[in-house]
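Q: Please take me through the terms used for this model, and show how each one applies.

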Amino acid sequence: MADLSAGVQKPTLTSLAPNYQTCAAADYFTAAPGSSYELHYKNGATPTTAVKITDQTSVAPTGASGAAVGWADVQVQAVIAANSERVTRIDNSNRFRDAQGRINLVHGTPATLTVAIFGPYPAG
């Protein structure tokens, strides 16, 4: 599990070069409470499966079994094709922050996957 916190960027009116960081199977970044973030994924020659953001706060439905763990995780993309890009926005970090204030990312097969993280911005 890699900490991507140091690479989070907040663009201003002047431009900046995105800081793409190599993804591992499980990564995280420390997120400000009540903020939004944008994740820009770029993939190389190898397709990547099961890109998800772990939901930390949604309560499982009444009567759900232990198999319901992860039921509210956000699937960014089932497969990010080779040589393609995807952008996703986390509207409010509170749903995804764990007890340490981190947002956890899952990347099924991240052989050539990188991500640039932008924020924090006001939620909404």
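A: Contact means heavy atoms within 4.5 Å. This is a predicted model, in which local features need pLDDT of at least 70, side-chain atom pairs count only at pLDDT 80 or more, and totals for chains, interfaces and linings use all residues. Residues are numbered from 1 along each chain as its sequence is written, and side-chain values use heavy atoms, with hydrogens and water left out.

Q: What makes contacts with Ile103?
A: Leaving aside residues up to four places away in sequence, Ile103 touches Asp27, Tyr28, Phe29, Ala31, Ile53, Ile90, Ser93, Phe96 and Arg97.

Q: Why are S5 and S8 called paired strands?
A: Strands are DSSP runs (E, at least two residues), numbered from the N terminus, and two of them pair if DSSP finds at least two bridges between them. S5 (residues 48-53) and S8 (residues 102-107) are joined by 3 bridges, so the pair qualifies; the two run antiparallel. Val51 has His107 in S8 as its bridge partner.

Q: What is the strand order of the open sheet, and why do S1 and S6 count as edges?
A: The 5 strands follow the order S1-S3-S8-S5-S6, with mixed pairing. S1 (2-3) and S6 (74-80) each have a single partner strand, so one side of each lacks a neighbour in the sheet.

Note on methods
Helix = DSSP H or I, 4+ residues; strand = E, 2+ residues; numbered from the N terminus.
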